[in-house]
Amino acid sequence: VQLQASGGGLVQPGGSLRLSCAASGSIFTIDPMGWYRQAPGEQRELVADITNAGNSDYVDAVKGRFTISRDNAKKTVYLQMNSLKPEDTAVYYCHARLKITIAHPWYNYWGQGTQVTVSS
């Protein structure tokens, strides 16, 4: 199983970016799928996640600015980030809690991380 993230970059304050993360491999189900971030000197924190049923949760700092969505058929999760602020600067990691088969336990998988820098 692999998680391939893309979409990071450098953007000015107030700008937008869209992150994507696609899961590949032998996967029975993914629940939830989401994004964490880690700024220099800080702990990794949950930004947003979304369940198989489409229920989403956000850290307070991004509510109203970020939107998470997923395409279950493509095993892909998206994070639309609008009105970006310098404090959003971090490495963003895709996360998936998944089962390889119905009989397997749940496992946590992480993508490779993508840098988001918000600066003028």
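Trainee: Which residue lies over the face of Trp 106?

Mentor: Please keep in mind that this is a predicted model. Arg 97 lies over that face, at 4.1 Å from the ring centre of Trp 106. A further case involves Arg 18, whose charged end sits over the ring of Tyr 78, 4.2 Å from the ring's centre.

Trainee: How many aromatic pairs are counted, and how is such a pair read?

Mentor: A pair of aromatic rings is described by two quantities, the distance of the centres and the angle of the planes. Here the count comes to 1 aromatic pair. The ring centres of Tyr 36 and Trp 110 are 4.9 Å apart and the planes are at 70°, so the pair is edge-to-face. Distant parts of the chain are linked by it: Tyr 36 belongs to strand E4 and Trp 110 to strand E10, 74 residues apart.

Trainee: Is Trp 110 buried, partly exposed or exposed?

Mentor: Trp 110 has 38% relative accessibility and therefore counts as partly exposed.

Trainee: In what order do the 4 strands of the open sheet run?

Mentor: In general, strands of a sheet pair through backbone hydrogen bonds, either parallel or antiparallel. In this sheet the order is E1-E3-E8-E7, with antiparallel pairing. E1 and E7 are the edge strands, each pairing on one side only. From one strand to the next, the twist averages 15°. E3 and E8 pair over 6 bridges, and Ser 20 has Tyr 78 in E8 as its bridge partner.

Trainee: Which residues touch the most other members of the largest nonpolar core?

Mentor: That core has 29 residues, and those with the most contacts to other members are Met 33, Trp 35, Phe 66, Leu 79, Met 81 and Tyr 92. Strand E9 provides the largest share, 5 residues.

Methods
Residues are numbered from 1 along each chain as its sequence is written. This is a predicted model: local features need pLDDT of at least 70, side-chain atom pairs count only at pLDDT 80 or more; totals for chains, interfaces and linings use all residues. Side-chain values use heavy atoms; hydrogens and water are left out. A nonpolar core is a set of buried Ala, Val, Leu, Ile, Met, Phe, Trp, Tyr and Cys residues joined through side-chain atoms within 4.5 Å. Buried means under 20% relative accessible area, exposed over 50%, partly exposed in between (1.4 Å probe, protein chains only). Helices (H or I, at least four residues) and strands (E, at least two) are DSSP runs, numbered from the N terminus. Rings of Phe, Tyr and Trp (its six-membered ring) pair if their centres lie within 6.5 Å; planes under 30 degrees apart count as stacked, over 60 as edge-to-face and the rest as tilted. A charge sits over a ring if NZ of Lys or CZ of Arg is within 6 Å of the ring centre and within 35 degrees of the ring normal. Two strands pair if DSSP finds at least two bridges between them. Axes are lines fitted to C-alpha atoms, for helices over the stretch in contact, and angles run from 0 to 180 degrees between N-to-C directions.
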